Amino acid sequence: MFTGIVQGVAQIVSISEKTNFRTQIVKMPIEMRQGLEVGASVANNGVCLTVTKINGDLVSFDLMTETLCLTNLGLAKEGDWVNIERAMQMGSEIGGHILSGHVYCTAEIVNIIRTENNCQIWFQLPQAEHMKYVLTKGFIAVDGISLTIGEVKAQQFCVNLIPETLNRTLMGARQLGDKVNIEFDPQTQAIVDTVERYLASKG
């Protein structure tokens, strides 16, 4: 489980392609590696991945076909950077919201509005049906970052980012047309799906 409080970014230094399979090696700063062991879960751009090897500051992760197709990690190249969050620990402060690291889809950045000390980014979801999980002032995870939804319209929504988020994560470097990973708030998703099933059962 994760909280959506990204601890920093790390660079992909190697990608090894195999049939329907990829191993990516990320160079992680020492402060992100404290106590890290093989088998641990680490979110890369919000995607829950398992550590398969540790060699100094180089940490390996294996990615299956579904992950490559469903998330923006399938578009990643050597030299690219990813947002990193270690799995949450019991008893630690939860500053964001509870996440599973299971990305639902990607969204496209369609507008970036920059003002002094603020940045508003608009995203377009690929399917209209996804919008039922996107509620004004609700939670959403974008590339693993826990964010509050601002406005919602048609198949688009926006978030407002403070300088700290822009500096600590990849969002400050994102550009129009970039694809970002989306994980909907699981509580919102559970409520919406339960209500839909109930209404369907009533005909």
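Reply: Happy to. Helices and strands here are DSSP runs numbered from the N terminus, a helix being H or I over at least four residues and a strand being E over at least two. The part I will look at is residues 98-195, which is 16% helix and 44% strand, with its end C-alpha atoms 21 Å apart. This is a predicted model, in which local features need pLDDT of at least 70 and side-chain atom pairs count only at pLDDT 80 or more, while totals for chains, interfaces and linings use all residues. Numbering starts from 1 along each chain as its sequence is written, and side-chain values use heavy atoms, leaving out hydrogens and water.

The largest nonpolar core has 25 residues, and Phe123, Leu125, Ile140, Phe157 and Ile182 have the most contacts inside it. Strand 7 (105-115), strand 8 (118-124), strand 9 (139-142), strand 10 (145-153), strand 11 (156-161) and strand 12 (179-184) each give two or more residues to this core. Apart from it lies another core of 20 residues, among them Met32, Val47, Leu73 and Ile84. A nonpolar core means a set of buried Ala, Val, Leu, Ile, Met, Phe, Trp, Tyr and Cys residues joined through side-chain atoms within 4.5 Å. Buried stands for under 20% relative accessible area, exposed for over 50%, and partly exposed for values in between, using a 1.4 Å probe on protein chains only. In soluble globular proteins, nonpolar side chains tend to be buried together.

Leaving out residues up to four places away in sequence, Phe123 touches Ala107, Glu108, Ile109, Val110, Val142, Gln155, Gln156, Phe157, Val159, Met171 and Val180; a contact is heavy atoms within 4.5 Å.

Two backbone spots are worth a check of your own. Lys137 sits in the loop between strand 8 and strand 9 and has a positive phi of about 75 degrees although it is not a glycine. Asp143, in the loop between strand 9 and strand 10, also has a positive phi, near 50 degrees, in a residue other than glycine.

A salt bridge here is a side-chain nitrogen of Lys or Arg within 4 Å of a carboxyl oxygen of Asp or Glu, and the structure holds seven of them. Asp178 pairs with Arg174, the closest N and O atoms being 4.0 Å apart. Asp178 is partly exposed, with a relative accessible area of 23%, while Arg174 counts as buried at 15%. Through shared partners, salt bridges join Asp143, Arg174 and Asp178 into one network. Elsewhere, Arg168 and Glu164 meet in a salt bridge with an N to O distance of 2.9 Å. Both lie in helix 3 (residues 163-168), four residues apart, about one turn of the helix. Arg168 is partly exposed at 39%, and Glu164 is partly exposed at 41%.

Finally, how does this part meet its neighbour? An automatic or database domain assignment gives domain 1 (8-86) and domain 2 (105-198). Their C-alpha centres lie 23 Å apart, and each domain brings 13 residues to the contact. The area buried between domain 1 and domain 2 is about 860 Å², with carbon and sulfur atoms giving 47% of it. Buried area is the accessible area (1.4 Å probe) that two parts lose on being put together, summed over both. On the domain 1 side, Asn45, Asn72 and Asn83 supply 48% of the area buried against domain 2, more than any other three residues. Across this interface the rule finds zero salt bridges.
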